Every structure is written in structure tokens, then in C-alpha cells.
Amino acid sequence: LKKEIQRSEKLNTLGELAASIAHEVRNPLTVVKGFLQLMQQEEKGKNYQYLSLVLSELGRAESIINDYLNFAKPKFEKIEEFTLNEVLVEVVMLLDPMAAKQGVQLESELDSTGFTLVTDRNQLKQALVNLIKNAIEATPDGGKVSVHNKSDCHQASILISDTGKGMTPEQLSRIGTLFYTTKDKGTGLGTSVSLRIIETMKGKVSYKSVPGVGTEVRMVLPGSQTPVLVNL
Ligand code: ADP
Ligand code: MG
């Protein structure tokens, strides 16, 4: 038992160290990006064409750092009340062009209970975007990704299913591990970030997957607790 405690303390310190390095690296990146954007506006010389490439790679580095920082310490900045359905509609709309580009049909079937949540809406959106993006990326041309939800008064469950390539038990056991990826340009951060966000919302995520058939991600979120009135 003691050994385990020491190990988790060590991991924690390493995580904090990485987070502070990520944070420090982000500042010069932002400065460099700003100057390059200026150059792109003014300089139409022979290296002009490289600038957009450099800027897009910088953008990639920036989003890796932001994802990592969000994983290390998710910031719930603006807590508000909203319905789950409105967020699901937004997320599906946001990802529609990406699905269409890949020839994947993205469909949603939302329930009508008007389940409400009180949390950071942008964090929930981020968590959903990462998981639905993965579903789309795993699905070949002509396949389907569907987003369903069902709620009762205590909790909502969201089901994201795809007809994609699926995962072997070995792959499934590694999902959500920081930096685990099977993609050429993957970062292995998306799932970790999503799981961390949902965990912060006291929710749960589970996976079911069959290689060659598809994957089902089920997310369960507790509802906003009704405030209890005391001393009335
Ligand atoms: P990335 O998308 O950058 O690779 P993620 O953390 O989002 O990182 O996902 C990690 C890995 O999990 C992916 O590379 C992929 O192998 C696997 N994965 C995640 N979702 C699915 C899915 N719906 N179907 C098949 N594989 C998946
Ligand atoms: Mg991903």
C-alpha cells in the first residue's frame, strides 16, 4: 500500500512539472505566432508560402499544449444552467461538416425531457467533441455515427455509437491513457481530456467495442441537484 501511495505522489509531481513546462512554453509560442501573423500580412516575398505552413504547425503545437493543460487541471470557469439537448445540438452541428467531408452520416436522436445541468458548458462541449470526433475518425466512408440521449430525473445517459473499425480488447484497455494513439497525426490527448472533464462533473464513461463492427461510448451525467432550503 505504501509503495502505491509514493508512486501516485510521484506521478502527481511529474504531472505538475509537465503542466508548468507546458504553460511556460505556451507564452513564447504565442509571441512567435503573433509576429508570424504580422509578417504574413505584410511580407509577400519568396518565403510567404511557408508562413501559412509554419502557422498551422504552431497552431497544432498550441492545441496540444492547451489539451494537456486542460487534462492536468480542467478549469471550470463559467458555471451556468443549461439543457443537455442544446449542447448536443450545438456539438452535432459543429461536427457535421467534418462528418460530411468523410462521407459519414452523423445523426442525433434527442429525448424531450429537457434535462438540465449546472456546470461549465464549454467543458462539456469539449468532452463531447473529442469523443464524437474519434467516432467519426474511426468510421469509413458510408458509415454512420449516432448520438442518442435518455434522461430521467437523476441522470442523463448519452450514447455515441459508430460503425467504425472498433478496438481490440488490448486497444480498449489502453484507451484514455495519456498520449495513447494509433493515428499518424494523433496526440492521444482527446480521450484523456474527455474522461477527466466527465470525472470532474461526477459522471462516468464506459466503452464497448467490437473490431470491424464499431464502438459504443456511454456517458452518464448526474443532474444538477435541487437546492435544499434550510431554516425556513
Ligand atoms: P487521438 O484521437 O489523437 O488518437 P484519443 O485520445 O482521442 O487520441 O484516442 C486514442 C485512441 O483511441 C485513438 O488513436 C484510437 O485508436 C482509439 N479510439 C478512440 N475512439 C475510438 C473509436 N470510436 N473507434 C475506434 N478507435 C477509437
Ligand atoms: Mg481523438
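**Chain, helices and ligand**

Analyst: Of the chain's 232 residues, 23% count as buried, meaning 20 or more other C-beta atoms, placed from the backbone, lie within 10 Å of their own. This is a predicted model: local features need pLDDT of at least 70 and side-chain atom pairs pLDDT 80 or more, while totals for chains, interfaces and linings use all residues. Residues are numbered from 1 along each chain as its sequence is written, with chains lettered from A and ligands numbered from 1 in the order written.

User: How many helices and strands in the chain?
Analyst: There are 6 helices and 7 strands, taken as DSSP runs (helices H or I, at least four residues; strands E, at least two) numbered from the N terminus.

User: Switching topic, at what angle do H3 and H4 cross?
Analyst: The axes of H3 (residues 84-101) and H4 (residues 121-138) cross at roughly 35° and come within 10 Å. Those axes are lines fitted to C-alpha atoms over the stretch in contact, with angles from 0 to 180 degrees between N-to-C directions.

User: Which residues of H3 make the contact?
Analyst: Val87, Glu90, Val91, Leu94, Leu95, Met98 and Ala99; contact means C-beta atoms, placed from the backbone, within 7 Å.

User: And ligand 1, which residues come nearest?
Analyst: Ala138, Thr181, Gly186, Gly190 and Thr191, out of 22 around ligand 1; the cut-off is a C-beta atom, placed from the backbone, within 6 Å.

User: Which element gives the most to that shell?
Analyst: H4 does, with 4 residues.

Notes: Contact = placed C-beta atoms within 7 Å. Buried ≥ 20, exposed ≤ 12 C-beta atoms within 10 Å, placed from the backbone.
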